[in-house]
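Here is a short briefing for a reader new to this structure. Please look over the sequence and the model before reading on.

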Amino acid sequence: CENSINIKPQSQILMDENNAKESYKKLIDYGFCVGYIRPPTVSIPALRITLRIENSTKDFKALLSTLI
């Protein structure tokens with residue numbers, strides 16, 4: 001998750017009790033900047049998702065379809 005233009009990335013946390021690990025692997029394969037947060041740090045597994053400036057609308061749709 002490099003930041004080549006010195007802008008602090010904003011991320012979203014998605015709590016995903018059922019398939020966080022699988023979603024994490026798929027999103028990494030798509031090239032998204034994703035962190036997998038798991039117990040004991042949190043009680044429910046979660047994904048930290050950061051969109052980058054080079055992510056297109058098509059990429060965003062791929063992200064959503066992976067999570068649905």
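The protein chain has two helices and three strands. Helices (H or I, at least four residues) and strands (E, at least two) are DSSP runs, numbered from the N terminus. From the N terminus on, the elements run β-α-β-β-α. This is a predicted model: local features need pLDDT of at least 70, side-chain atom pairs count only at pLDDT 80 or more, and totals for chains, interfaces and linings use all residues. Residues are numbered from 1 along each chain as its sequence is written, and side-chain values use heavy atoms, with hydrogens and water left out.

**Surface and contacts overall**

- Of the 68 residues in the protein chain, 25% are buried. Buried means under 20% relative accessible area, exposed over 50%, and partly exposed in between (1.4 Å probe, protein chains only).
- The protein chain exposes about 5300 Å², and carbon and sulfur atoms supply 52% of that area. Accessible areas come from the Shrake-Rupley method with a 1.4 Å probe; for residues, only the protein chains shown count as cover.
- Take the contacts between residues at least 6 apart in sequence: 52% of them join residues at least 24 apart. Contact means heavy atoms within 4.5 Å.

**The nonpolar core**

- The largest nonpolar core has seven residues in all: Ala20, Leu27, Phe32, Val34, Leu47, Ile49 and Leu63. Such a core is a set of buried Ala, Val, Leu, Ile, Met, Phe, Trp, Tyr and Cys residues joined through side-chain atoms within 4.5 Å.
- Helix α1 and strand β3 each supply at least two residues of this core.

**Helix α1**

- Ala20, Ser23 and Leu27 are the buried residues of α1. They sit on the same side of the helix, because they cover an arc of only 65 degrees around the axis. The arc is that of the directions from the helix axis to the C-beta atoms.
- These buried residues of α1 pack against β2, β3 and α2.
- Serine 23 lies in α1. Its relative accessibility is 5%, so serine 23 counts as buried.
- Leaving aside neighbours within four places in sequence, serine 23 is in contact with Asp16, Leu47 and Leu67.

**Helix α2**

- Ala62, Leu63 and Thr66 are buried in α2 (residues 57-67). Their arc around the axis is only 100 degrees, which puts them on the same side of α2.
- The face turned away from the buried side of α2 carries the exposed residues Thr57 and Lys61.
- The cover over the buried residues of α2 includes α1 and β3 (46-50).
- Serine 56 caps the N-terminal end of α2, with a side-chain oxygen 3.3 Å from the backbone nitrogen of lysine 58.

**The aromatic pair**

- How many aromatic pairs does the structure hold? There is one. Rings of Phe, Tyr and Trp (its six-membered ring) pair if their centres lie within 6.5 Å; planes under 30 degrees apart count as stacked, over 60 as edge-to-face and the rest as tilted.
- The pair is stacked, because the rings of tyrosine 24 and tyrosine 36 have their centres 5.7 Å apart and their planes at 25 degrees.
- The pair links distant parts of the chain, twelve residues apart: tyrosine 24 is in α1 (residues 20-30) and tyrosine 36 is in β2 (residues 33-37).
- Tyrosine 24 is partly exposed, at 26% relative accessible area. Tyrosine 36 is also partly exposed, at 22%.

How values were computed:
Polar contact = N/O pair within 3.5 Å; in protein donor to acceptor, adjacent residues only side chain to side chain.
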